[in-house]
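Subject: Structure for your review

Dear colleague,

Please find below the structure that I am handing over to you. I would be grateful if you could look through it together with the notes that follow it.

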Amino acid sequence: MSQTSPARAAITSTSPCPCGSGKTFGECCEPIIQQKRVATTAEQVMRSRFTAHVIGDEAHLHRTYVPTASQPYVAEAETGEPMQWTRLVIHSHEHEVKPDMSYVDFTAYYREGDGEKAMHEKSEFLRVNGAWIFNRPIRQGPAPVKTAVKVGRNDPCPCGSGKKYKQCCLAKA
């Protein structure tokens, strides 16, 4: 099993996986973190990275991040209290938006003081040598709200009458 710091709860192969998949740790993220199985989707590597944060497996985070993946891992001394990640919600997984590139939109929750805070992010993952790895966040925070397009006075009326907006529904508005 992966290394854990004393401040973190012990997770066994039969424990529910911290990523929230509904599977046990041994069926879900443990084989990926221990390099016994390769993540076959960007969502799987996202879930394994969240779980690595929960259990404190810095080596997995290092090897599944594009800027550090090709460099040897050197353990660093922990400074301060580790974040207490509580749960993960995957909002969407956009498969292969381009060849060997996928996006995962998620919210990771963590404990701060007496409350729970959220980190919402859309991240880019790349497939390198057959393995999916995290490349970069492409948006932090929730997706922007799309507003309705404003109809101009001389545009066709959206009601479908065939008249200009100013001669139809604008007067009724």
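The notes below set out what was found, beginning with the overall build.

Please bear in mind that this is a predicted model.

Secondary structure and domains. The protein contains four helices and four strands. Along the sequence these elements follow the order α-α-α-α-β-β-β-β. The domain assignment divides the protein into domain 1, covering 25-142, and domain 2, covering 148-172. Between the C-alpha centres of domain 1 and domain 2 the distance is 48 Å.

Overall dimensions. The radius of gyration of the protein is 22 Å, whereas a compact globule of 173 residues would have a value near 16 Å. Taken along the principal axes, the box filled by the C-alpha atoms is roughly 70 × 45 × 30 Å.

Packing and surface. Of the 173 residues in the protein, 38% are buried. Among contacts with a separation of 6 or more, 39% are made by residues 24 or more positions apart. The protein has an accessible surface of about 10600 Å², and carbon and sulfur atoms account for 52% of that surface.

Charge. There are 22 positive and 18 negative side chains in the protein. The centres of these two sets lie 15 Å apart.

With kind regards

Note on methods. Residues numbered from 1 in each chain as written. Predicted model: local features only at pLDDT ≥ 70, side-chain atom pairs only at ≥ 80, totals over all residues. Heavy atoms only, no water. Helix = DSSP H or I, 4+ residues; strand = E, 2+ residues; numbered from the N terminus. Rg over C-alpha atoms; globule rule 2.2 N^0.38 Å. Buried < 20%, exposed > 50% of the residue type's maximum accessible area, 1.4 Å probe, protein only. Contact = heavy atoms within 4.5 Å. Areas by Shrake-Rupley, 256 points an atom, 1.4 Å probe, with all protein chains shown as cover. Lys, Arg positive; Asp, Glu negative; His and termini not counted. Charge placed at Lys NZ, Arg CZ, Asp CG, Glu CD. Domains from an automatic or database assignment.
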